[in-house]
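User: I am new to this structure and would like to go through it step by step. Please take my questions one at a time.

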Amino acid sequence: MTGSPTAASARVLLTGGAGFIGSHLAEALLRRGVELAILDDLNGYYDPALKRANLEAVRRAGDFEFVHGDICDAPLVEELMARFRPAAVFHLAARAGVRPSLEQPALYQRVNVEGTAVLLEAARRCGVGRFVFASSSSVYGAASRVPFSEDDPVRAPISPYAASKIAGEALCHVYSHLYGMRIVCLRFFTVYGPRQRPDLAIRKFAESIAAGRPIPVFGDGSTGRDYTYIGDIVAGILAAAEHDTAFDVFNLGNSSPVLLRDMIATLERVLGKPAVIDRQPLQPGDVPITYADISKARRLLGWAPQTSLETGIRRMAEWLGLLQG
């Protein structure tokens, strides 16, 4: 394919577009003038009403086609791909979350691995020019060396979710190698911001602190996360989609990990309220730290995060209606 896959009049298929990251990406694509189709099953991992609200927000940015369906439904995906003929596929749909994957490992493999295979095969058959796969920093496992580089081995995942993302990346490499598909895999690092899933720490903690409820803190607060604001992630996705390569992998992270206790202190400062801590043991599958080496994304994509944690948390608190005055 020649030309930009996200230029005005280009057709883009986005899976998972009703979710947190997907809905923000959908808005950005519509603002660029693309012709957009969203495929999402609106599953009950969290309240589907929140996903429908996300879609309504996207609709305010422009019109798009919405297909309510499962990425593992090969006939549906084949029909959509053949009819819509996208120039690019942004594959964000997945069963998310490390801890839930411990309870439903087979479901995570079916959706995240089989669903990715279904999409890749349909894209191959339809001659899709670009394929962007949403991976995760969890592929690095409990790595002892930081920051995490794209060249680090990813052979020791510690959750079914992480294993499913490694498998998805491997499938992407296979399709690029065998069929010449142009594919980028993006390893997201702890994304937060407006529309964040209600089960994720920053949103859950912010709502609990504002209401005076205890927050569950696993361990002593010394775990570190590379919290990355949603606007920066979307900018990275769009930059990666323009990267002219046969196959590549990029970290998209803030490259500035924050200890859990310091993230809570930032929430307290922004909200103007103290947190009530409910101390609990560390959870299986959790890694001690995530820390992105983003030198490759800086060099090849011209991308770097712009949003500090305090600025991002303030924007999120405003969206949640938690700021007084």
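User: In which loop does Pro147 lie?

Analyst: This is a predicted model, in which local features need pLDDT of at least 70, side-chain atom pairs count only at pLDDT 80 or more, and totals for chains, interfaces and linings use all residues. Residues are numbered from 1 along each chain as its sequence is written, and side-chain values use heavy atoms, with hydrogens and water left out. A cis peptide bond joins Val146 and Pro147, with omega at about -5 degrees. Helices (H or I, at least four residues) and strands (E, at least two) are DSSP runs numbered from the N terminus, and in these terms Pro147 lies in the loop between strand 5 and helix 6.

User: Where is the place of Leu42, the residue with a positive phi?

Analyst: Leu42 is not a glycine, although its phi is positive, at about 50 degrees. Its place is in the loop between strand 2 (35-40) and helix 2 (48-59).

User: How do helix 5 and helix 6 lie relative to each other, roughly parallel or roughly antiparallel?

Analyst: Two packed helices are described by the angle between their axes and the distance between the axes. Axes are lines fitted to C-alpha atoms, for helices over the stretch in contact, and angles run from 0 to 180 degrees between N-to-C directions; the axes of helix 5 and helix 6 (residues 160-179) come within 9 Å and cross at roughly 15 degrees. Angles under 35 degrees count as roughly parallel, over 145 as roughly antiparallel, 65 to 115 as roughly perpendicular and the rest as oblique. Helix 5 and helix 6 are therefore roughly parallel.

User: Is the crossing of helix 5 and helix 6 left-handed or right-handed?

Analyst: A crossing is left-handed if the near helix is turned anticlockwise from the far one by less than a right angle, and right-handed if clockwise. For helix 5 and helix 6, the crossing is right-handed.

User: How many nonpolar residues are in the contact of helix 5 with helix 6?

Analyst: Contact means heavy atoms within 4.5 Å, and the residues that make it include Tyr108, Asn112 and Leu120 of helix 5 and Ser164, Leu171 and Tyr175 of helix 6. Ala, Val, Leu, Ile, Met, Phe, Trp, Tyr, Cys and Pro count as nonpolar, Asp, Glu, Lys and Arg as charged, and the others, Gly among them, as polar. On that basis the contact of helix 5 with helix 6 has 5 polar and 2 charged residues, and the nonpolar ones number 12.

User: Which residues of helix 3 meet helix 5?

Analyst: The axes of helix 3 (residues 74-84) and helix 5 come within 9 Å and cross at roughly 35 degrees. By class, the contact between these two helices has 7 nonpolar, no polar and 3 charged residues. On the helix 5 side the residues include Val118 and Glu121, while those in helix 3 are Ala74, Val77, Glu78 and Met81.

User: What volume does the largest cavity have?

Analyst: On a 1 Å grid over the protein atoms alone, a cavity is a set of points where a 1.4 Å probe fits but cannot get out, and a pocket is an open set with protein on both sides within 12 Å along at least five of seven lines; lining residues have an atom within 4 Å of a point. Grid points are joined across faces, edges and corners, and a volume is the space filled by probe spheres set on the points. A search of the whole structure finds 2 cavities of 30 Å³ or more. In the largest cavity, strand 5 (130-136), strand 6 (182-188) and helix 8 (230-241) each supply at least two lining residues, and its volume is about 40 Å³.

User: Which helix gives the largest share of the lining of the second largest cavity?

Analyst: The second largest cavity has a volume of about 30 Å³, and its lining includes His91, Asn112, Phe133 and Lys165. The largest share of that lining, 3 residues, comes from helix 5 (residues 105-125).

User: Which residues does Asp220 touch, not counting residues up to four places away in sequence?

Analyst: Asp220 lies in the loop between strand 8 (214-218) and strand 9 (224-225). With those sequence neighbours left out, Asp220 touches Arg261 and Arg279.
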